[in-house]
Amino acid sequence: MKHLKAINSKASRLEAEAESQKHDVFALQSGRDATKQPHIPVGCSLAFFPGWEVDSAGGTAGLCQPAERDLYDCYADCFWPAQVPDHLNRYPDWSKKCAAATQDWRNLDVVFP
Amino acid sequence: MHKRLLRLTSLLLAISSCALCQEASAQNAPPQDVTKETEGGIPVTDRLTIAKCGGCHQADSHGNLTRISWIRTTPEGWQEAIKRMVQLNGLQLGPNDARQIVRYLSEEHGLAPEESQPVRWFLEMTQPQTEAIPTPAIRRACASCHAFAKPQSWRRSAAEWNLLKNMHIGYFPLSQFVAFSAHGEHAADPNAPKPKEPVEEALAYLSKTYGLYSSSWSNWRAQMTDPDLSGRWLITATLPGKGKYFGAMTVARVSPGEFTTQATLTSIQDGSKVELPGKSFLYTGYEWRGSAKAEPYGNVRQVMTLSADQAGLQGRWFWGAYQEFGFEVTAQRENRDITILGTDATALRAGAKNVQVTLYGSRLPADLKADEIRLGANVTVTKLFSVNPTMAKLAVDVNEKVIPGKRSISVRGHTVPDAFSVYDKIEYIRITADTALAHTGGAVGKKGYVQYEAHAFSNGLDNLPNTADDVDLGPVTVKWSVEEFISHNNDNDKEFVGFIDSNGLFTPAGDGPNPQRRLQADNIGDIWVVAKYAGKDTATPDPLETKSYLVVGVPDFLRFDQPEVGSK
């Protein structure tokens, strides 16, 4: 297909996408089984609703944009107990000064249980 | 007659109701309570621990305290548990008492060196590339939220492992659905036996593999000592992004298991010195936890293990909001004899002539001769310029026909293995991390950086890349850049997530929503980090290039961390 040239932006995007498949994360890890799951960096939560650091595809595309949009729910339900303070027991007041996370996010704290 | 009839009737009634009773109880027999303790515990004998913990943790006639006597873990594990008692269960405990209790529990309810070996990375707070987890179900049950190393750092009776599951559900109800149960797929056949829940598989594995008793612990507990580590220790260290350091540490005992320390490390790259005055504690007879104030890094935490012969220490000295920076440290007791620590050379090329190399060590003899310094086959010391007790300056020739690989240095029988490498051509380069995680920060959380290094590799004797016999030739200077990773169209992650400098340090962007970005998204994303090596010693005429996958994520708003175990 080398005689075909992309002439609009959508076609260019398709070309770039196809090109990127050649260098996907598994190709880097020579000798590993490419049918395995995406190599998510160790340290990321594997709870994908849609995810904290990464989504189930191993990237950030599927995450809430911005994360603050849904932050209260992450906290109140405690989906990510190792990354987000838990509402139920230890930190019932964590979001007290943060009525609208997308605006008030600076009033949040990092906690050390 | 009336009375006898009454008695007979009541007897008959009693018998029949008893029979009914038995049948009823057989039908309604309670299920076996898996949280009921059936194993013998490890009694708690320390008076302070009994005084502070015995109020809630009741003692039995053997001196076991409920829960505590059926658990073993690391100093960090005990510290974490005690904090939970204070935060959630009303315990009032001062830091001095807490320290004493953690010391006692780490000693009598600790992990043997072999037991803590698989979780060294977790205790040293590094990020490995993969974590070995037995099955996908166990990964789901135990590693959905935190590392598998967390439960792996504990030893419990079977009942205690079951209680741990209950505790998770009690504190974090959603763990039942996020981690403990299966995804929700249902077998096509409703009559098929229900598959085991991931948490049940995990509990069976943990009870069997990480039970309360082990020969490792019995052996270690018996031979555990409280060694006096006073004296001078010689240090070899590497700091990613900066390279090798050599130095020494003086340790002085203050009281059993407590020491003051003074370490000095010298960079071979630029000769700069790092002074680390500090203090340390030794738990469980081998777990070193220390802290030092070191310019320009600030508070540097130390996690090391003492070797079985009590003459070696190995571990990490680290700092950073995500503990992402740190020296890999190896220390050995200085003795009366010659010690060779290593060299400033990382990799020497075949055919190189008159390479200036410095040898580091201790008690190097004044009458040292050039031909006494053995660097392996086809590597010759041609001249010894100078020698003092800690350094010797040499010139080295490397033969054309040298076999690529690591070399040891030997002086009068004193040897250090893997001191440097020799190579013919650099066949490929690899970034030290295949994947990494950075965190945006600056307003709420601090930034989580990634310090990259690129290492050069030789294919080894089989002449094939990416095989087990490849030789790591050490770090090389490369050109760093970032590239878009296409996981989503037009997200332009690389414009927003941060930047990498010429030394391979990735600095993430600020936290919070970014109004400049579509949907006011955070400055998170996934990108390629690219290293390009254009040296003249490569196997191919084109520059060598390699990539690593980087996720830049939101801050961690919560950190389980126990720096108290290493500080006063």
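I start with a working rule: two residues are in contact if their C-beta atoms, placed from the backbone, lie within 7 Å.

**Entry 1: ground rules.** I am looking at a predicted model, where local features need pLDDT of at least 70, side-chain atom pairs count only at pLDDT 80 or more, and totals for chains, interfaces and linings use all residues. Residues are numbered from 1 along each chain as its sequence is written, while chains are lettered from A and ligands numbered from 1 in the order in which they are written.

**Entry 2: chain A.** I looked up the elements, which are DSSP runs numbered from the N terminus: helices (H or I) have at least four residues, strands (E) at least two. Chain A has four helices and zero strands. I then checked burial, where a residue is buried if 20 or more other C-beta atoms lie within 10 Å of its own, exposed if 12 or fewer, and partly exposed in between, with C-beta atoms placed from the backbone. Of the 113 residues in chain A, 33% are buried. For contacts in chain A with a separation of 6 or more, I noted that 24% come from residues 24 or more positions apart.

**Entry 3: chain B.** Here I found 13 helices and 28 strands. The C-alpha atoms of chain B fill a box of roughly 125 × 65 × 50 Å along the principal axes. Chain B has 568 residues, and 41% of them are buried. Among its contacts between residues at least 6 apart in sequence, 59% join residues at least 24 apart.

**Entry 4: where the chains touch.** How many residues of chain A are in contact with chain B? I found 48 residues of chain A in contact with 50 residues of chain B. On the chain A side, helix H1 (9–21) and helix H2 (25–28) are the elements that give two or more residues. H1(A) gives the most, with four residues. I sorted this side of chain A into 26 nonpolar, 14 polar and eight charged residues. My sorting counts Ala, Val, Leu, Ile, Met, Phe, Trp, Tyr, Cys and Pro as nonpolar, Asp, Glu, Lys and Arg as charged, and the others, Gly among them, as polar.

**Entry 5: the cores of chain B.** A nonpolar core is a set of buried Ala, Val, Leu, Ile, Met, Phe, Trp, Tyr and Cys residues joined through C-beta atoms within 7 Å. The largest core has 136 residues, and Ala438(B) is one of those that touch the most other members. Leaving aside neighbours within four places in sequence, I see Ala438(B) in contact with residues including Tyr449(B), Val450(B), Phe506(B), Leu550(B) and Val552(B). A second, separate core of eight residues includes Trp70(B) and Trp154(B).

Entry 6: I looked at helix H7 (residues 136–143) of chain B, whose buried residues include Ile138(B) and Arg140(B). What covers the buried residues of H7(B) includes helix H8 (149–152) and helix H11 (198–209) of chain B.

**Entry 7: strands.** Two strands pair if DSSP finds at least two bridges between them. An open sheet of three strands in chain B has the order E19-E22-E23, with antiparallel pairing. Why is one side of E19(B) left without a neighbour in the sheet? Strand E19 (428–431) and strand E23 (471–475) stand at the edges, each with a single partner strand, so one side of each has no neighbour there. Ser458(B) stands opposite Val471(B) in E23(B). Elsewhere, E27(B) and strand E28 (residues 544–553) of chain B pair in the antiparallel sense over nine bridges. In E28(B), I found Val551(B) as the bridge partner of Asp526(B).
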